[in-house]
Amino acid sequence: MSRATIRRNAHFLDGENNEILGFWQNGSVSWSQIAEWMHITITLPSVQYAVFRCLEGGNPENPATNHGPSINLSGNNNTVDPGYYVLLSAT
């Protein structure tokens, strides 16, 4: 497990519990912006991965199996809540 040392309140993990993206959410970052960021930084087509909210409280230990439903990113202007999220293969 690898975590960034920079202070963040929104964390995105891979299936092996490594932090791959994070930022400080002050209420202005939306899911559609996250989709744009991922399109720029992830080489896979967006249909090949999905974002899920981690259900474990605090720093998750097993985000790959303990998560909620996938989050629709496209056209979603809701703000991202601080917390932990996991990116998993959609296949």
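The questions and answers below concern a predicted model.

Q: Why does the radius of gyration of the protein agree with that of a compact globule?
A: For 91 residues, the globule rule of 2.2 Å times the number of residues to the power 0.38 gives a value near 12 Å, and the protein has 12 Å, so the two agree. Along the principal axes, the C-alpha trace spans about 35 × 30 × 20 Å.

Q: How much of the protein counts as buried?
A: Of its 91 residues, 37% fall in that class. The accessible surface comes to about 5500 Å², and carbon and sulfur atoms hold 50% of that area.

Q: Why is F12 called buried?
A: The label requires a relative accessible area under 20%. F12 has 0%, so F12 is buried. This residue lies in strand 1. Leaving aside neighbours within four places in sequence, F12 is in contact with residues including W31, I34, M38, V51, Y85 and L87.

Q: How far apart are F12 and R53 in sequence and in space?
A: In sequence they are 41 residues apart, and their C-alpha atoms are 9.1 Å apart. For the protein as a whole, among contacts between residues at least 6 apart in sequence, 56% join residues at least 24 apart.

Q: Why does N9 count as buried?
A: The relative accessible area of N9 is 18%, which is under the 20% limit, so N9 is buried. N9 lies in the segment before strand 1 (10-13). Not counting residues up to four places away in sequence, N9 touches F23, W24, Q25, P82 and G83.

Q: Why is H67 called partly exposed?
A: The class covers values between the buried limit of 20% and the exposed limit of 50%. H67 has a relative accessible area of 24%, so H67 is partly exposed. H67 is located in strand 4, and beyond four places in sequence it touches F52, R53, C54, L55, V86 and L88.

Q: What space does the largest pocket hold, and which residues are closest to its centre?
A: The largest pocket holds about 280 Å³ of space. It is lined by 16 residues, of which A35, S46, Y49, L73 and S74 are the closest to the centre. Helix 1 (31-41), strand 3 (49-54) and strand 4 (67-71) are the elements that each give two or more residues to this lining.

Q: How many residues of each class are in the lining of the largest pocket?
A: There are ten nonpolar and six polar residues, and no charged residues.

Key: Residues numbered from 1 in each chain as written. Predicted model: local features only at pLDDT ≥ 70, side-chain atom pairs only at ≥ 80, totals over all residues. Heavy atoms only, no water. 1 Å grid on protein atoms, 1.4 Å probe; cavity = no way out; pocket = protein on both sides within 12 Å on 5 of 7 lines; lining within 4 Å. Points joined across faces, edges and corners; volume = space filled by probe spheres on them. Helix = DSSP H or I, 4+ residues; strand = E, 2+ residues; numbered from the N terminus. Nonpolar A, V, L, I, M, F, W, Y, C, P; charged D, E, K, R; others polar. Buried < 20%, exposed > 50% of the residue type's maximum accessible area, 1.4 Å probe, protein only. Contact = heavy atoms within 4.5 Å. Areas by Shrake-Rupley, 256 points an atom, 1.4 Å probe, with all protein chains shown as cover.
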